[in-house]
Amino acid sequence: MDTEVPFLLTGSVDDAGEVPLAGVSDFRGRPVYRTSSGGWRSALFVTVLEIASNFASFGLSANLITYLTGPLGHSTAAAAAAVNAWTGTATLMPLLGAFVADSWLGRYRSIILACTLYVLGYGMITLVSTLPELPSSSLDDGDLSPRPSSMKIVLFYASIYLVAVAQGADKPCGLAFAADQFDPGHPKESASRSSVFNWWYFSMAVGIAVAISVVSYVQENVGWAIGFGSLCAMMLCAFVIFLAGTPTYRLYAPNSDAESPFVRLARGFAALGRNSSFSFGRKSRHHFADEDSTDKVLSDEARAVLRLLPIWATCLAYGVVYAQVTTLFNKQGRTLDRRIFGGLELPPAALQTFGPASILVFVPIYDRVLVPALRSTTGNPSGLTLLQRMGTGMVLSLAAVSVAALVEAQRLETAREHGLVDDAGATVPMSWAWLVPQYVIMGVSNVFTLVGMQEFFYDQMPSELRSLGLALYFSVLGISSFISGALISLLDRVTASGGGDSWFADNLNRAHLDYFYWLLAGVSAAELALYLYFVRSYVYSHKRLY
C-alpha cells in the first residue's frame, strides 16, 4: 500500500542484524535500514528536482513582463501589476502548502502533487504560446496590429497560477525532504545534513543564474514556445529522476493529530485578551493569578508573535523594492544598447543574472572576511546581530533604488539629447552596463536582509510556533508584491489623469520611472527610520549572542 505510515521500532532486525530506523518507513510503509536508505544518494534525487523547479520558475518569472507586454499586448503598468500579483500569490501559497503537508499529505506526496501540477502548468503555458493571434482583418477599432484572443489570455493566466499552486506544494517540502534523508541523531549523517543546507542554496543560485541567462535568450531569439517548452521538458525529466529515487527515500508520516500553529496562535490571542495590556518591543511581565498554566504558555507565545509585528511591518518597503528587479528593472534594460562581444545582444532578463552572481561572489567574502573582521570589533560571534544584518540590507536596498533613479534620469536625458523621446522602439545609445550596479547592490542586500529575515523570524518564534516564522518571512515578500502592484496601478491612473503621460507609459522615453524610484527611496528611508526606532527597544527572546 502506497502510504506514508511510519514503521514503529519493535526491536526486529534484518538478516545482517541491523536494527530498522524508528518512526521511518519506505513508500510502501515497510521498515527501512540505515545502510539501504537515505543519505546523499537519496538527497541528490531531491536536489536535482529542486534545481529543476527553480530553473523553471525563474525561467518563467524573469521574462514574464516581456511576454505580457509583447505577445499578450499588456501595457507596462498592467504587466507590472500582473507580475506582482502572480509573484505575491506564488510566494504566499507555500504557507498553505506547508500546513497541508504537515497535517495530511506528508512531504513525499506533496512533492508528487507539485510535480504533476508543474508539468501540467508548464505544458499548458507552452501550448498557449503557440496559439495564433487574432488577424488584423477581424479587428474593427482601427488598430491594425494583431492581438491575442481573450481565450489565449485567460488560458495563459490559468497556466501560470497553476504553477503558483505547484510552488505552494513544493517550496516548503523540497529542502525539508532532502534533510529528512539524514538522521540528526547519527554523528556522520548529522554532519552531512548540515552540508545539505550549504550546497542547496549554492546549487539554487547556479540554477537560477543559468535559467535567467539561457532561457530568456531562447525565448526572445528562438521562440517563446521553445523557451517555455524547455521548462516543461526540464520538469518532466526531473520528475522522472525524483521517482527513480523512491525506493531509497526515508518517509515520515504527517502528524494529523497535531494542532495547527494558526489555531494555537488564535488560542493564545484569546488567552492574552483575558489579561493585562501589552507593550511592543520589550518583554511584558504579567501576573496570572486566574490563569491556568496552559493559558499562561499560550499567552506568552502570543506576546512573542506580537513583538515581531513592528519589525515585520518595517520590512515591507524592502520587499516592494525587491519586487522591481523582475519588472521595471527589466523594462529599463530593454531600451538600452545590450550588445556584447561579437555583436551578440543580451536579452533584458539576462541582466538579472548579476543578482545571483553577486550573491555567489559575496557570500564567501561575507563569511570568510567580513564576519571575522566584525567579530573582532563587535565581540559578536556572528559579526552582526540579526537585526543589524537586516538593517544593513535595508540601507543597501535604499542605495540600489536611488542608483536606479539616477540611471533612469540619465537614460531619459540621453533619449532627449538624441531625439528619441517619441520613438518607443528605439535603442537609447547608452550601455547596458549602467544597470549593473543596481542589480549587484540588490543582490548583496539580499545576503543581509533576506537571509537575516529567515533566521530572525524562525529563531524569535516560540518553538511550538516556528512554522509561523516561515509564514512571516514569505508574507513579507508576498504582501510586498501585492503592495507594489497596487501602487503601480494607482500611480498609473493618477499620473495619467490630467491627459499627460503616465509614469509608466508604454513608451518609456516619455515615462518617469525615475520619479517612481525616488518615491520608493523616500518610503525606504521612512521605513528605515521606523525600523531603527523599533530595533532600539527590541529584546531578543533567547539568551544568546546575536
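**Close-up views of salt bridges and helices**

**View 1. Aspartate 300, at a relative accessibility of 34%, counts as partly exposed.** The model shown here and in the other views is predicted. Aspartate 300 is joined to arginine 303 by a salt bridge, in which the closest N and O atoms lie 2.8 Å apart. Both residues belong to helix α9 (residues 293–313), and because three residues lie from one to the other along the helix, they are separated by about one helical turn. Arginine 303 is buried, since its relative accessible area of 4% falls under the 20% cut-off.

**View 2. Arginine 510 forms a salt bridge with aspartate 422, with the closest N and O atoms 2.6 Å apart.** Arginine 510 is located in the loop between α15 (466–496) and α16, and aspartate 422 in the loop between α13 (386–417) and β2 (428–431), so this pair ties together parts 88 residues apart in sequence. Arginine 510 is partly exposed, its relative accessible area being 34%, whereas aspartate 422 counts as exposed at 63% relative accessibility. The side chain of arginine 510 also meets that of aspartate 501 in a salt bridge, at 2.9 Å from N to O. Aspartate 501 is partly exposed, with a relative accessible area of 38%.

View 3. The salt bridge between arginine 303 and aspartate 300 has a closest N to O separation of 2.8 Å. The count of salt bridges comes to eleven.

**View 4. Helices α1 (residues 39–61) and α5 (residues 150–180) cross at roughly 150°, their axes coming within 10 Å.** Because the crossing angle is over the 145 degree cut-off, α1 and α5 are roughly antiparallel to each other. The crossing of α1 past α5 is left-handed. On the α1 side, the contact involves Ala43, Val46, Glu50, Ser53, Asn54, Ser57 and Leu60. These residues meet Ile160, Val163, Gln167, Asp170, Lys171, Gly174, Phe177 and Ala178 in α5.

View 5. The loop between α15 and α16 holds arginine 510, which is partly exposed.

Methods
Residues are numbered from 1 along each chain as its sequence is written. This is a predicted model: local features need pLDDT of at least 70, side-chain atom pairs count only at pLDDT 80 or more; totals for chains, interfaces and linings use all residues. Side-chain values use heavy atoms; hydrogens and water are left out. A salt bridge is a side-chain nitrogen of Lys or Arg within 4 Å of a carboxyl oxygen of Asp or Glu. Helices (H or I, at least four residues) and strands (E, at least two) are DSSP runs, numbered from the N terminus. Buried means under 20% relative accessible area, exposed over 50%, partly exposed in between (1.4 Å probe, protein chains only). Axes are lines fitted to C-alpha atoms, for helices over the stretch in contact, and angles run from 0 to 180 degrees between N-to-C directions. Angles under 35 degrees count as roughly parallel, over 145 as roughly antiparallel, 65 to 115 as roughly perpendicular and the rest as oblique. A crossing is left-handed if the near helix is turned anticlockwise from the far one by less than a right angle, and right-handed if clockwise. Contact means heavy atoms within 4.5 Å.
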